[in-house]
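Please open the structure in a viewer and keep the selection tool at hand.

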Amino acid sequence: MSDLGEWFRSIPLITRYWFAGAIAVPLVGKLGLISPFYLFLWPEAFINRFQIWRPITATFYFPVGPGTGFLYLVNLYFLYQYSSRLETGAFDGRPADYMFMLLFNWICIVITGLAMNMQLLMIPLIMSVLYVWAQLNRDMIVTFWFGTRFKACYLPWVILGFNYIIGGSIINELIGNLVGHLYFFLMFKYPIDLGGRNFLSTPQFLYHWLPNRRGGVSGFGVPPASMRRPAENRQGEGRHNWGQGFRLGDQ
């Protein structure tokens, strides 16, 4: 248990709380401590009955069962891996900026969920984070099942197809990819590559709550270090190789 606790404490702060919530809330629903009925995002209940907690619980909850357990575990792994990599990579020392990215993506997903009558938001938010990581490390070569290798920029779409095979739907993954693309375009692509204005900036209250851990300005609107490194520093780094961390068939 001490090793497990030490591993848990080693997870970056924001990812740690997100990961813990993604385990605790489904467990609460599985044990029947709270009826899953109150954990889904029901637009009518949220809008007409003012059950304002539903967008939050729907982000953490996933109905774990014989037919969904594998999909849940795979996406829980994605959460841990790619949220940790973003928080300690492109957003290293800037927890407020990372929290803002999560909040922006979450708000977009909640709005989409209400408009499309989506009941669960866990997978779209995870996929939006994975998409941002893949774009910031787009030239890195990653390895998927059966030794297939491709650039990281294709990873979200490969996983979309993978989740379709094991889950039977691509709506959650597609929305997550589109929201991740919206954030990446507004934060990096448009102001940096296209010379446009910066439409997104981290609110100051987040810097008071989660101050930078090193000196300097927040850096929002400036490409993160991972985008400015030479290409050779982004390719072939074993600790960032997706396949070395995710070979589901390995023992």
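The model is predicted, and residues are numbered from 1 along the chain as its sequence is written.

**Stop 1: helix 2 and helix 5**

Select residues 13-31, which form helix 2, together with residues 69-88, which form helix 5. Two packed helices are described by the angle between their axes and the distance between the axes. Here the two axes come within 8 Å and cross at roughly 165 degrees. Because angles over 145 degrees count as roughly antiparallel, helix 2 is described as roughly antiparallel to helix 5. The crossing of helix 2 past helix 5 is right-handed.

**Stop 2: a nonpolar patch**

Keep helix 2 in view and select L27, which belongs to that helix. With a relative accessibility of 46%, L27 is classed as partly exposed.

Next, show L27, L31, L33, I34, F37, Y38 and W53 as a surface; together they make a nonpolar patch of about 720 Å². One member, W53, is located in the loop that runs between helix 3 (43-48) and helix 4 (54-60). W53 has a relative accessible area of 37%, so it is partly exposed.

**Stop 3: the salt bridges**

How many salt bridges does a search of the whole structure find? The search finds three, and each can be selected in turn.

- Select D92 and R213, whose closest N and O atoms are 3.8 Å apart in a salt bridge. D92 sits in the loop between helix 5 and helix 6 (95-116), and R213 in the loop between helix 10 (204-209) and helix 11 (225-228), so this pair ties together parts that are 121 residues apart in sequence. D92 is partly exposed at 30% relative accessible area, whereas R213 is exposed at 57%.
- Select D139 and K151, a salt bridge in which the closest N and O atoms are likewise 3.8 Å apart. D139 lies in the loop between helix 7 (122-136) and strand 1 (141-143), while K151 belongs to strand 2 (residues 149-151), twelve residues apart. Both ends are partly exposed: D139 has a relative accessible area of 23%, and K151 has 38%.
- Select R94 and D97, whose side chains form a salt bridge at 2.7 Å, N to O. Are these residues buried or exposed? Both R94 and D97 are buried.

**Stop 4**

Move to helix 6 and select F100. Its relative accessibility is 12%, so F100 counts as buried.

**Stop 5: two positive phi angles**

Finally, inspect the backbone at two loop residues. F50, in the loop between helix 3 and helix 4, has a phi near 55 degrees, which is a positive value in a residue other than glycine. F50 counts as exposed, with 64% relative accessibility.

N117 is found in the loop between helix 6 and helix 7. Its phi is near 60 degrees, again a positive value in a residue other than glycine. At 46% relative accessibility, N117 is partly exposed.

Conventions
This is a predicted model: local features need pLDDT of at least 70, side-chain atom pairs count only at pLDDT 80 or more; totals for chains, interfaces and linings use all residues. Side-chain values use heavy atoms; hydrogens and water are left out. Patches are made of residues with over 30% relative accessible area and no salt bridge: like charges are joined within 9 Å, nonpolar side chains (Val, Leu, Ile, Met, Phe, Trp, Tyr) within 5 Å. Accessible areas come from the Shrake-Rupley method with a 1.4 Å probe; for residues, only the protein chains shown count as cover. A salt bridge is a side-chain nitrogen of Lys or Arg within 4 Å of a carboxyl oxygen of Asp or Glu. Helices (H or I, at least four residues) and strands (E, at least two) are DSSP runs, numbered from the N terminus. Buried means under 20% relative accessible area, exposed over 50%, partly exposed in between (1.4 Å probe, protein chains only). Axes are lines fitted to C-alpha atoms, for helices over the stretch in contact, and angles run from 0 to 180 degrees between N-to-C directions. Angles under 35 degrees count as roughly parallel, over 145 as roughly antiparallel, 65 to 115 as roughly perpendicular and the rest as oblique. A crossing is left-handed if the near helix is turned anticlockwise from the far one by less than a right angle, and right-handed if clockwise.
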